[in-house]
Amino acid sequence: MPNKFYITTTLPYVNAAPHVGFALEIIQADVIARYQTNSGKEVFFNTGTDEHGLKIYQKAVAEKRDPQDYCNEYAAKFSLLRNKLNLSYNNFIRTTDPQHIKAAQEFWKRCEANTDIYKKKYIAKYCVGCELEKTDSELVNGKCPFHPDREIELLEEENYFFRFSKYKKTLLDLYDKNPNFVIPLHRQKEIYNFVKKGLKDFSISRLKNKMPWGIPVPGDDSQVMYVWFDALINYISCLGWPENQKKFESFWGTKQKPNAIQVAGKDNLRQQAAMWQAMLISAGLPTSEHIFIHGFINLAGEKISKSSGISLPNPVELVDKYGVDAVRYFLLREFSSTEDGDFTLDKFKIRYNTDLANGLGNFAARILALKFQLPEIKVLKVDKDIDEKIKETKKIADQKLEEFKFNEALTAIWDLIAFGDKYINQTQVWKLSDLKIKIQIVSNLAAILNSLVDILSPFLPETGAKIALLKKGEILFPRL
C-alpha cells in the first residue's frame, strides 16, 4: 500500500455541459496524480459522471427524452475532457454502470444490517439543484444560496432514512484524531462545527412512482435510492468493491491505514466529509484519508446563475483557442487553491502574456538561442549556486503539492525562471568572448531549463515535450 495512491474527483451531474469550474477540480486532481506517479507510486485516478436523481429526471422529461439517452449524450461531453485537458485518469465511472448499481445495493444491505436504515413519513424542504434537504437556517430569503434561481420544493412522502444522527461522536472523534482530515483547516473547522451542533437523519430513497430514475432499493420495488446515497458509493465501486477486496484495500486502504484522497468543491463539504464518512463507517469500511476542498470560480465578480444568464466558459472552447497548457496554467496559478476566484478573459490574457509568453516562453527561447550559437558542446557540471537554486525550487514545489497549494508551487517555479533571467542579464553571456566561460554559463542555463521541464511536468505536461523539440526561431507561447 505505501506504493499505491488513490485520488478521485466528485462526479458532475450530467445535466449541463462541462464548465471551467469542474475543469479546475479535475486538473487539480490530475496534477496530484501525475506528481504521485512521478514519485514512483501506482496511481488509481477516478472520475466520471453522476447520472441519477430528480434534477436529471426532470431535465430529461422536459426535453421528452429517455433519461438514459439523455445521460449518454452528456456523459460523452465529460469524457471528452480527457483528451482536451490532457488528463491522466485511468477510470471513468458512470453511476448507471451495472457494477456500480450492484455495489450500491450491497452497500445498502450492509448499512441496513447495521440497523442504520429505517422507514418513516416526513415533510422536508428540498433543493433540487443540490439534491439535498435544507433547513430554514440554510436558506437565504427562502432560497438555496447555491441555487437562488430554483424554488425550494416541499417533499411529503414515506421514504427510507439513514441514521446519520447516530454518528455525531464517531465523526467528531475522526476529525479530532485527524486534524488535517479536511484540507484546508477552516473547512475542517466548518464541518466539525456542523457535526457538533447535532446531526439529522437524512432520506436515502424516493418513491418510484414519483421519481423512477434511480437504483432500485433492495427488497422494495416501490422505492429508488436517493441520488447522494447512490453517487457517493462510486468512490469504491470503481475499485470493483465488494468482489475485488484486494484491489479495494490496496488503493482505498484499511481501517488502520486509510489511503483515499477526495477532491471536491466547497458545496460538497457536508456530503464528502460527513455523510459519506458516516456511511462508510456504517457499512464497516475504512474512511477516506483526506478530503481536499477547493473554492468556486466566479465570472467577472458575479456568481454563476442560470436565471441571470451568467455562466462560465466551456473549457473545451478555451483549449481549442489558447492551448491546453495555457488553460491548465491559468486555472492552477490564478486562483488560490482553496478560495473563490474570479475568471475574466482579460485576466486570462494578462496571465498568458506575462507568465507564459514573456516568462517561460521567452526564457526558453533565450537559452536555446544561446545554445544554437555554440558548437556541439559537452554539458559541464552545474555551478553550485545554480544547482542549489534548482534543488530548492524542486523541494518547495514538492512541499506545496503535498499541501495541495498549486498556485504557490507555480509561484516558486516562476521564481526560478526569474532567477534564470537575472543570471543571463548579470553575466551578459551573449557578449563573452571566452568560449569556456560561455559554455559553462550556457550549461548552467540548460540545467535550469531541463529542471523546469521536470518540475512543471505535472502542471503542464505538453510544454516539456515542446521545449525538448523546439527549433531555432520557434515560439513556445505566441503572444496574444
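**Reading the inside of a fold**

Me: By class, how many nonpolar, polar and charged residues does the lining of the largest cavity have?

Reply: The lining has five nonpolar residues, two polar ones and no charged ones. Here Ala, Val, Leu, Ile, Met, Phe, Trp, Tyr, Cys and Pro count as nonpolar, Asp, Glu, Lys and Arg as charged, and the others, Gly among them, as polar. One caution: this is a predicted model, where local features need pLDDT of at least 70, side-chain atom pairs count only at pLDDT 80 or more, and totals for chains, interfaces and linings use all residues. Residues are numbered from 1 along each chain as its sequence is written, and side-chain values use heavy atoms, leaving out hydrogens and water.

Me: Which residues line the largest cavity?

Reply: Rolling a probe the size of a water molecule over the atoms shows where empty space is left. On a 1 Å grid over the protein atoms alone, a cavity is a set of points where a 1.4 Å probe fits but cannot get out, and lining residues have an atom within 4 Å of a point. In this structure the lining consists of F22, I26, T47, G48, F78, L81 and F92. Helix α1 and strand β2 (42-49) each supply at least two of the lining residues. The cavity holds about 30 Å³ of space, a volume being the space filled by probe spheres set on grid points joined across faces, edges and corners. A search of the whole structure finds one cavity of 30 Å³ or more.

Me: Which residues lie nearest the centre of the second largest pocket?

Reply: A pocket is an open set of points with protein on both sides within 12 Å along at least five of seven lines. E133, T135, E138, F194 and R270 lie nearest the centre of this one, out of 33 lining residues. Helix α7 (185-196) is among the elements giving two or more residues, and α7 gives the most, with five. The volume of the second largest pocket is about 900 Å³, and its lining has 15 nonpolar, six polar and 12 charged residues.

Me: Which residues have the most contacts inside the largest nonpolar core?

Reply: In soluble globular proteins, nonpolar side chains tend to be buried together. A nonpolar core is a set of buried Ala, Val, Leu, Ile, Met, Phe, Trp, Tyr and Cys residues joined through side-chain atoms within 4.5 Å. Here the largest core has 161 residues, and F107 and F229 have the most contacts inside it. Helix α1 gives the most to this core, with 11 residues. Leaving aside neighbours within four places in sequence, F107 is in contact (heavy atoms within 4.5 Å) with residues including F229, W241 and W276.

Me: Why do the buried residues of α18 line one face of the helix?

Reply: Helices (H or I, at least four residues) and strands (E, at least two) are DSSP runs numbered from the N terminus. Buried means under 20% relative accessible area, exposed over 50%, partly exposed in between (1.4 Å probe, protein chains only). In α18 (residues 461-469), P461, T463, G464 and I467 are buried. Seen down the axis, they fall within an arc of 170 degrees, so they line one face; the arc is that of the directions from the helix axis to the C-beta atoms. These residues pack against α1 (20-38), α13 (324-334), α14 (345-373) and α17 (435-456).

Me: Is T8 buried or exposed?

Reply: T8 has 0% relative accessibility and therefore counts as buried. It lies in strand β1 (residues 4-8). Apart from neighbours within four places in sequence, T8 is in contact with N46, Y235, I261, Q262 and V263.
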